[in-house]
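Hello,

Here is the structure we talked about handing over. Please open it alongside this note; what I found follows below.

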Amino acid sequence: MSKSGPIFKPGPVSAKPLGILLDDVFAEAYAKQGFAARELVTRWAQIAGPEIAAHAEPLKMQWPRPVEGQPQEPATLVLRVEGPMALEIQHSADVILERVNRFFGWSAVGKLAFRQAPLSRPRARKRPGPPDPKAVANVAENLTEIEDEELKTALARLGAAIKRN
């Protein structure tokens with residue numbers, strides 16, 4: 001018999017958040033769009049406010065080329081705006097600029113540009129309410145052969161919901 005070396009047991013495995021593992025990937029993608037910090041995108045609703053964030057989102061930041069011996073010019077923040085709300089968001093440009101620059105702590109953004117397009121994030125769908133009790137009762141009348149009352153009620157609700165949609 002040959003003696004083998006010591007057996008090493010693996011230590012405890014701790015799961016790391018996906019955001020930490022993909023940090024470099026995200027940082028590179030945001031940098032290509034001109035964002036020095038991704039928090040402008042990820043925290044947009046807190047920065048701009050919920051009423052503005054519901055209809056606009058940051059698309060990219062365009063930084064002018066630096067001129068030697070001159071101070072850095074502020075960037076242009078390009079916002080994707082839903083078509084019907086573009087004019088309303090444009091009227092809120094001063095408020096948006098103030099909030100974004102307050103977030104950065106300096107006058108990083110000097111002007112806004114708008115691109116009319118649907119927002120990239122999916123809208124939250126509202127769940128439909130319960131079916132109308134009269135419609136449930138009408139469907140339940142046709143379920144005379146079912147003896148189990150709970151099953152009959154559940155099927156009546158399902159039938160009324162299907163008819164509603």
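**Salt bridges, rings and a charged patch**

Arg-102 is exposed, as its relative accessible area is 56%. Its side chain forms a salt bridge with Glu-98, and the closest N and O atoms are 3.3 Å apart. Both residues sit in helix α7, 4 residues apart, so about one helical turn separates them.

Before going on, a caution: this is a predicted model.

**Overall layout**

The chain has 165 residues, and buried residues make up 26% of them. It contains 9 helices and 3 strands. In sequence order the pattern is α-α-α-α-α-β-β-α-α-β-α-α.

**The other salt bridges**

How many salt bridges does the structure hold? The count is 3. The Arg-102 to Glu-98 pair described above is one of them.

Another joins the side chains of Arg-99 and Glu-51, at 3.6 Å from N to O. Arg-99 lies in helix α7, while Glu-51 lies in helix α5 (residues 50–53). The two are 48 residues apart in sequence, so this pair ties together separate parts of the chain. Arg-99 is partly exposed, with a relative accessible area of 25%.

Then there is Glu-57 with Arg-80. Their closest N and O atoms are 2.8 Å apart. This pair also links distant parts of the chain: Glu-57 is in strand β1 and Arg-80 in strand β2, 23 residues apart. Is Glu-57 buried or exposed? Its relative accessibility is 8%, so Glu-57 counts as buried. The cut-off for buried is under 20%.

**Aromatic pairs**

There are 2 aromatic pairs. One of them is Trp-63 with Trp-106. Why does this pair count as stacked? The ring centres are 6.3 Å apart and the planes meet at 20°, so the pair is stacked. The cut-off for stacking is planes under 30 degrees apart.

Both tryptophans sit in loops. Trp-63 is in the loop between β1 (56–62) and β2 (75–81). Trp-106 is in the loop between α7 (93–104) and β3 (109–116). They are 43 residues apart, and the pair links distant parts of the chain. Trp-63 is partly exposed, at 34% relative accessibility. Trp-106 is partly exposed too, at 44%.

**Towards the end of the numbering**

Which residues form the negative surface patch? They are Glu-147, Asp-148, Glu-149 and Glu-150. Asp-148 is placed in the loop between α8 (133–141) and α9 (149–164). At 44% relative accessibility, Asp-148 counts as partly exposed.

Helix α8 also holds Ala-135. This alanine is partly exposed, with 27% relative accessibility. Ala-135 and Ala-156 are 21 residues apart along the chain, and their C-alpha atoms are separated by 8.4 Å.

**Where to look in the viewer**

Begin at helix α7, where you will find Arg-102 with Glu-98 and also Arg-99. Move on to strands β1 and β2 for Glu-57 and Arg-80. Next, find the stacked rings of Trp-63 and Trp-106. Finish at the negative patch, which includes Asp-148.

Best wishes

Definitions and conventions
Residues are numbered from 1 along each chain as its sequence is written. This is a predicted model: local features need pLDDT of at least 70, side-chain atom pairs count only at pLDDT 80 or more; totals for chains, interfaces and linings use all residues. Side-chain values use heavy atoms; hydrogens and water are left out. Patches are made of residues with over 30% relative accessible area and no salt bridge: like charges are joined within 9 Å, nonpolar side chains (Val, Leu, Ile, Met, Phe, Trp, Tyr) within 5 Å. Accessible areas come from the Shrake-Rupley method with a 1.4 Å probe; for residues, only the protein chains shown count as cover. A salt bridge is a side-chain nitrogen of Lys or Arg within 4 Å of a carboxyl oxygen of Asp or Glu. Lys and Arg count as positive and Asp and Glu as negative; His and the chain ends are not counted. The place of a charge is taken as NZ of Lys, CZ of Arg, CG of Asp or CD of Glu. Buried means under 20% relative accessible area, exposed over 50%, partly exposed in between (1.4 Å probe, protein chains only). Rings of Phe, Tyr and Trp (its six-membered ring) pair if their centres lie within 6.5 Å; planes under 30 degrees apart count as stacked, over 60 as edge-to-face and the rest as tilted.
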